[in-house]
Amino acid sequence: MREIPLLLLSALAVAVAGLKIYNDDDGQKIRHILGNEIEDFEKYFMEPMEDIMETEEEQYEEAKKVDNGEIKDDGDQIPDPPSHEQVAKMSRYLVHYSDWLAMATISTRGSLAGTPFASIFSFSDGPRGKSSGIPYFYMTGLDMSAHDLKKNPKASVTISLAQGNYCKEHQLDPEDPRCAHVILAGEVVKVLTNSTEEEFARKALFTRHPVMPDWPRDHGWYFGKLNISSIILLDFFGGAIDVKVEEYFNTQP
């Protein structure tokens, strides 16, 4: 069995320390380090444990393949972005060559309920050079945004050229339209378990984010994706452009 790194043990210790048990009129609850109240302890930590352990063992095996070079992230070099006239290609470029994004949901949390709520997610649309155009996520039901998505799966994500070095190198402020950013909107859904798409999502995420398989094993991780219904791109002066979803998927970054 793969040796558990000291860093992982430390992270698990912090996670346990971050759980606070308290009582109120609704009975025992737990507040998790990710910020959510967990009303049903057994639902999140007891009943699915066998499934979680089996899934995590598979993920450790996948991580070994990454470590051993059996799964590679093809192409480490990031090319310059395309011309601003190529709106579909620019949109695909931003999605493929970025590793994280900001996701906006409608909050269900306390006094924030009903308020737009933005959070950061690591994502991947495929190993480098194998772009699908679909943002995939490694998610847990413990996350604040996951709580929002359970009630309302609609979300929008923003990805900016400012997340890399291009804008700084060309002295472009993140708000400069030439420092392109794309907004993808749709619904966040779970990828079908044991499907070909799940295997692609696993490879896409674990090659781009090799630390993911070492995340706490009791969090019930699963693969999610954004089903894109609309795309807006701002990459030059003159205002934002609506990019046709069909055109987006018919091009490559």
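**Group meeting: a walk through the model**

Of the 253 residues of this protein, 41% count as buried. Before I go on, please keep in mind that this is a predicted model. Its secondary structure comes to eight helices and ten strands. The accessible surface is about 13,800 Å², and carbon and sulfur atoms hold 52% of that. If you take contacts between residues at least 6 apart in sequence, 69% of them join residues at least 24 apart.

Let's start on the inside. In general, nonpolar side chains of soluble globular proteins tend to be buried together. Here the largest nonpolar core has 31 residues, and the ones with the most contacts inside it are Leu 94, Leu 101, Met 103, Phe 137, Val 182 and Leu 184. Which elements each supply at least two residues of this core? They are α4 (87-96), β4, β6 (136-139), β7, β8 and β9. Helix α4 gives the most, with six residues.

Now for some strands. Strand β7, residues 154-160, pairs with β4, residues 100-106, in the antiparallel sense over three bridges. Met 103, which we met among the core residues, has Val 157 of β7 as its bridge partner. Strand β7 also runs antiparallel to β8, residues 181-190, and seven bridges join these two. In that pairing, Thr 158 stands opposite Ile 183 of β8.

On to the disulfide, and there is one in the structure. Cys 167 and Cys 179 are joined with an S to S distance of 2.1 Å. What is the handedness of this disulfide? The torsion about the S-S bond is about 105 degrees, so the disulfide is right-handed. Cys 167 sits in helix α6 (residues 166-169) and Cys 179 in the loop between α6 and β8, so the pair ties together parts that are twelve residues apart in sequence. Are these two cysteines buried or exposed? Both Cys 167 and Cys 179 are buried.

Staying in this stretch of sequence, Asp 176 and Arg 178 meet through their side chains in a salt bridge, 2.8 Å from N to O. Asp 176 counts as buried at 16% relative accessibility, whereas Arg 178, at 38%, is partly exposed. Pro 177 is 61 residues from Gly 238 in sequence, yet their C-alpha atoms are 8.7 Å apart in space. Gly 238 belongs to the loop between β9 (222-234) and β10 (241-243), and with 86% relative accessibility it counts as exposed.

Arg 208 pairs with Asp 99, with the closest N and O atoms 3.0 Å apart. Arg 208 lies in helix α7 (residues 196-208) and Asp 99 in the loop between α4 and β4, so this pair ties together parts 109 residues apart in sequence. Arg 208 is buried at 9% relative accessibility, while Asp 99 is partly exposed at 28%.

Also in α7, Glu 199 and Arg 202 are three residues apart, about one turn of the helix. Their salt bridge has its closest N and O atoms 3.6 Å apart. Arg 202 counts as buried, at 3% relative accessibility. Salt bridges with shared partners bring Glu 198, Glu 199 and Arg 202 into one network. Thanks, everyone!

Key:
Residues are numbered from 1 along each chain as its sequence is written. This is a predicted model: local features need pLDDT of at least 70, side-chain atom pairs count only at pLDDT 80 or more; totals for chains, interfaces and linings use all residues. Side-chain values use heavy atoms; hydrogens and water are left out. Two strands pair if DSSP finds at least two bridges between them. Helices (H or I, at least four residues) and strands (E, at least two) are DSSP runs, numbered from the N terminus. A disulfide is a pair of cysteine sulfur atoms within 2.5 Å. Buried means under 20% relative accessible area, exposed over 50%, partly exposed in between (1.4 Å probe, protein chains only). Contact means heavy atoms within 4.5 Å. Accessible areas come from the Shrake-Rupley method with a 1.4 Å probe; for residues, only the protein chains shown count as cover. A nonpolar core is a set of buried Ala, Val, Leu, Ile, Met, Phe, Trp, Tyr and Cys residues joined through side-chain atoms within 4.5 Å. A salt bridge is a side-chain nitrogen of Lys or Arg within 4 Å of a carboxyl oxygen of Asp or Glu.
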